[in-house]
Amino acid sequence: MGHLGRAHPPIDISKKKAEARLAAAQERLLRLRLISGGQIGAKKIGPPLCVLFEGWDASGKGGAIKRLVAPLDPRHVRVTQFAAPTYDEKRHHYMQRFWKVLPGQGGMTVLDRSWYGRVLVERVEGFATREQWRRAYGEIVEFERTLAAEGMILIKFWMNVSDEEQLRRFESRRDDPLRSWKLTGEDWRNRGKRAEYTAAVEEMIDRTDRPRARWQVIPGDDKQYARFAVVEHVCRVLETKLAKRGYDLGAADEPGNPGA
């Protein structure tokens, strides 16, 4: 079945209840970020937080990122998108362009796409040689190990969506004049290679899921569920990491996981 085949929402929840879960999680996240940033509590600067998003086209990455950062002061979080590397970026090691956006102590960065492009789109589309993308698994694991050893909290999401739901969203975007810009010919071409991308994603998760840099597969067919599941997961990881570092989280209690 693989990692993606098991990605189903553990609960069926109404839109109203999902919105309430999201609002509670956002308030919880705001408090945790203020503690980690040294604005409240012991007022000591906490570890950097990097939240990385990968996923299918039309899987809800943008909506999830929007809800994740909505409660936060924009001075305390940076959202960075990555498209195909430029000519100049191709002159350097593929990791080079990611270093400059990583957060410092107390900071938070959200990555919309990341270094995993080397073992996903670059692999499937032939932009990297077989030797390059196979070598990249070890490079990525070592890179993330280095970041974690320096104290960074790294959270990785794969936003999953079924083949049927992706097609429905593509067609909805195509027929909406205000959203048709989101759909490109490349999106349709990528959809035609879904089997190849699925194999790449499964191998990516198998080879780069590590205790200090875990993958979290979010079932995205239900957008309302996916949005609060993302924020709640970030809260749980952040609470666990801060508690281990001796932070007094006070009222930032654990209200349960997305499947509760």
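Student: What does the accessible surface of the protein chain come to, and how much belongs to carbon and sulfur atoms?

Tutor: Accessible areas here come from the Shrake-Rupley method with a 1.4 Å probe, and for residues only the protein chains shown count as cover. For the protein chain the total is about 13,100 Å², with 51% belonging to carbon and sulfur atoms. Keep in mind that this is a predicted model: local features need pLDDT of at least 70, side-chain atom pairs count only at pLDDT 80 or more, and totals for chains, interfaces and linings use all residues. Residues are numbered from 1 along each chain as its sequence is written, and side-chain values use heavy atoms, with hydrogens and water left out.

Student: What radius of gyration does the protein chain have?

Tutor: The radius is taken over C-alpha atoms, and the globule rule is 2.2 Å times the number of residues to the power 0.38. A compact globule of 260 residues would come out near 18 Å, and the protein chain agrees, with 18 Å.

Student: What percentage of the residues is buried?

Tutor: Buried means under 20% relative accessible area, exposed over 50%, and partly exposed in between (1.4 Å probe, protein chains only). In this chain, buried residues make up 50% of the 260. By contrast, Lysine 66 is exposed, with a relative accessible area of 57%.

Student: Which residues touch the most other members of the largest nonpolar core?

Tutor: In soluble globular proteins, nonpolar side chains tend to be buried together. A nonpolar core is a set of buried Ala, Val, Leu, Ile, Met, Phe, Trp, Tyr and Cys residues joined through side-chain atoms within 4.5 Å. The largest one has 37 residues, and Val51, Phe53, Leu68, Val110 and Phe157 touch the most other members. Among the elements giving two or more residues to this core are α2 (15–36), β1 (49–55) and α10 (223–244). Helices (H or I, at least four residues) and strands (E, at least two) are DSSP runs, numbered from the N terminus. The most comes from α10, with eleven residues. A second, separate core of 36 residues includes Tyr137, Ala213, Trp215 and Val217.

Student: How far is arginine 33 from the nearest side chain of opposite charge?

Tutor: Lys and Arg count as positive and Asp and Glu as negative, while His and the chain ends are not counted. A salt bridge is a side-chain nitrogen of Lys or Arg within 4 Å of a carboxyl oxygen of Asp or Glu. Arginine 33 sits in helix α2. This residue is buried yet has no salt bridge, and aspartate 73, the nearest side chain of opposite charge, is 9.7 Å away. Leaving aside neighbours within four places in sequence, the contacts (heavy atoms within 4.5 Å) of arginine 33 include Gln39, His76 and Leu238.
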